[in-house]
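Let's take a friendly walk through this structure together. Please have the sequence and the 3D view at hand as you read.

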There are 2 protein chains.
Amino acid sequence: MTEFRIAVDAMGGDNAPAAVVAGALSAARDYGIPITLVGDEKAIRAELSAAGRLPSGVEVVHASDVVAMDEHVSSAMRQRRGSSISVGTHLVKDGTAAAFVSAGNSGAVMALATLTLGRLRGVDRPALGTVFPNSRGRFLLLDVGANADSKPTYLVQFAYLGHAYAQQVLRVQNPRIGLLNIGEEQGKGSEFAREVFDLLAASPGLNFVGNIEGKDLTHDIADVVVTDGFTGNVAIKTAEGTAEFILREMRTLLTSKLQYKLAALVLRPALLRLRARIDYAEYGGAPLLGLNGIVLISHGRSDAQAIRAAVRLASEYAAAGLVCPAGIESYTVPPLISGSGDES
Amino acid sequence: MTEFRIAVDAMGGDNAPAAVVAGALSAARDYGIPITLVGDEKAIRAELSAAGRLPSGVEVVHASDVVAMDEHVSSAMRQRRGSSISVGTHLVKDGTAAAFVSAGNSGAVMALATLTLGRLRGVDRPALGTVFPNSRGRFLLLDVGANADSKPTYLVQFAYLGHAYAQQVLRVQNPRIGLLNIGEEQGKGSEFAREVFDLLAASPGLNFVGNIEGKDLTHDIADVVVTDGFTGNVAIKTAEGTAEFILREMRTLLTSKLQYKLAALVLRPALLRLRARIDYAEYGGAPLLGLNGIVLISHGRSDAQAIRAAVRLASEYAAAGLVCPAGIESYTVPPLISGSGDES
């Protein structure tokens, strides 16, 4: 049993509450993580009853309302103070939970988490990060969608947030920071990208390694890659779509002839490992960075396995004291990285 | 032997001139396409001698200069009027060749092609398109990098160019036009994307089907997807990097055990077909749309196979009369599509 309790939005995602409750329970069972399921108590209790003997440390906190997956953020903000998302983020705010995980309406999670927890000093906008595999391990890409419109200075703040993340979670001492761009050399790219390049190059305490092209993302050139939320979102979704397309085509080919099917049977363990390596479900969730509290947003299509991975990740983040590059007061000041944790 | 002569930049690309000459020759041999190799005559003749018996219809046009792959466009524009790129585009301009193919410095190709051939009426900026596989066939994504900074109106012009392309090349009667965005519903995305959405929705003659997310690109929702050149470039390079990453991981896994190696041997034909389906080399080149002439830009890393595919594509474009959605005079006027071809 770890000391960090994770609150989970039982009502969030396409497969809620069944898959969420199942995933959270398996995280409690497999990793000893205490969990608090947030949402409609009756629905949650029904799932728990069906699950049989419960692992210890499972609690339920009722939330009377749910934000729909396709609901507009503005309506979620006005009318959903009793929603599972709002209740869950308040559990983090008051210290009852060390982190909150939701596969729900991501716009609403970002807005309500920001409202409830507040931003770190020096951060204008929180950023959604996502951990990607590369040839040697993994790297953090941010922002992947918290901000559809960004200013160049936001990306510098994202770089400091990513720097802290890479030190605390990826355990990289001097994280390499890259800028997603459409050419490698300085001076390449859009006006926006060129301006960000100059700002990053002038930012103290950052190990800025320059521009990185989409094709080189997986080449272990950087530990953190910053981009605006529009480009980052297109990049991760294109990568996701490409991976799905290839796996689908592969399945079609491997089932097209009897001898292929037999060979595929032999390869099954290898193919499953390949899928695991590129499957979002294995990576759990995307941390929302820059807030006074740990929030993870999981894929709306999350199954139990993805929720389990997200809860585990949230527990790791809590243990690493992720919140709190203690003061990105100004992006021109290198953040003091502390392993401890609260700044409110 | 087809009637359309294709000019090929023998000096362009990482593997020039050897791979380019070899690829062009195999296009001439396999498809009967007359080709004109443009570049340093001595170097080209040396490759031709080494190639043995030549197919008919092969010509050489000397160009005294070469634009380096990493050369700045401005220097290429000032000093490289005798470059293979400049000479090649002039062959299209004066009607000696029906199209020009280059794997050289893409910025220089775009700039020199625009200078030499001129833009179609109503087109502010040419766009680089790329044909991608999807679940049922293929679709055109543009702009994938001709313009790092775009205005919303450019994307509407790209939509008309793509509409014409889809009709003439993909043979789709009423092409579905999508906008690459970070949400499906109207009102989602950046300010820029929302403005483009409204313009596209109001553009006559276009079958605008709305927003398309990166993960749905391969789902056959649209025949043409428009985006700004920065986002489009990140998207195609991320897709390329993802595909390479998966194939690399697959290779590592399939060679990790003897029984996997044996099974992989059985699967070899299927795996090769998979690779062909997702390999850029099979798709040849990216058309530069919106000019008074057909220009294809091939990947800088093109091998002979990629050049062969590009020459074939250029020949198809010439046969389809691709240049010339006869007058995108204003993006508010639906273009008259003509199968013929010249507008200068």
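In chain B, eleven strands come together in an open sheet of mixed pairing, in the order 3-2-1-4-11-10-5-6-9-7-8. The edges of the sheet are taken by strand 3 (58–62) and strand 8 (207–212) of chain B, each with a single partner strand, so one side of each has no neighbour in the sheet. From one strand to the next, the twist averages 25°. Do keep in mind that this is a predicted model.

For a look at the pairing itself, turn to strand 1 (residues 6–9) and strand 4 (residues 99–102) of chain B, which pair in the parallel sense over three bridges. Here B:Ile6 has B:Ala99 in strand 4 of chain B as its bridge partner.

Two packed helices are described by the angle between their axes and the distance between the axes. For helix 6 (residues 152–168) and helix 7 (residues 191–201) of chain B, the angle is about 45° and the axes are 9 Å apart. The two are therefore oblique to each other, and helix 6 of chain B passes helix 7 of chain B in a right-handed crossing. From helix 6 of chain B, the contact uses B:Pro152, B:Thr153, B:Leu155, B:Val156 and B:Ala159, which meet B:Phe192, B:Glu195, B:Val196, B:Leu199 and B:Leu200 in helix 7 of chain B. By class, these residues are eight nonpolar, one polar and one charged.

How do helix 8 and helix 9 of chain B run relative to each other, roughly parallel or roughly antiparallel? Helix 8 (residues 229–254) and helix 9 (residues 258–278) of chain B pack at an angle of about 170°, with axes 11 Å apart. Angles over 145 degrees count as roughly antiparallel, so that is the description for helix 8 and helix 9 of chain B. B:Leu247, B:Met250, B:Leu253 and B:Leu254 in helix 8 of chain B are in contact with residues of helix 9 of chain B, including B:Tyr260, B:Ala264, B:Leu271 and B:Ile278. The contact holds nine nonpolar, no polar and two charged residues.

The loops of chain B deserve a stop as well. A cis peptide bond, with omega about 0°, joins B:Ala16 and B:Pro17, and B:Pro17 sits in the loop between strand 1 and helix 1 (18–31) of chain B. Another cis peptide bond, also with omega about 0°, joins B:Leu142 and B:Asp143; B:Asp143 belongs to the loop between strand 6 and helix 6 of chain B. B:Arg171, though not a glycine, has a positive phi of about 60°, and is exposed, with a relative accessible area of 62%. B:Asp220, not a glycine either, has a positive phi of about 55°, but is buried at 15%.

Finally, visit chain A, where A:Val38 lies in strand 2 (residues 35–39). With 0% relative accessibility, A:Val38 counts as buried.

Conventions. Residues numbered from 1 in each chain as written. Chains lettered and ligands numbered in written order. Predicted model: local features only at pLDDT ≥ 70, side-chain atom pairs only at ≥ 80, totals over all residues. Heavy atoms only, no water. Axes fitted to C-alpha atoms, helices over the stretch in contact; angles between N-to-C directions. Helix = DSSP H or I, 4+ residues; strand = E, 2+ residues; numbered from the N terminus. Parallel < 35°, antiparallel > 145°, perpendicular 65-115°, else oblique. Contact = heavy atoms within 4.5 Å. Nonpolar A, V, L, I, M, F, W, Y, C, P; charged D, E, K, R; others polar. Buried < 20%, exposed > 50% of the residue type's maximum accessible area, 1.4 Å probe, protein only. Left-handed = near helix turned anticlockwise from the far one by under 90°. Pairing = 2+ DSSP bridges.
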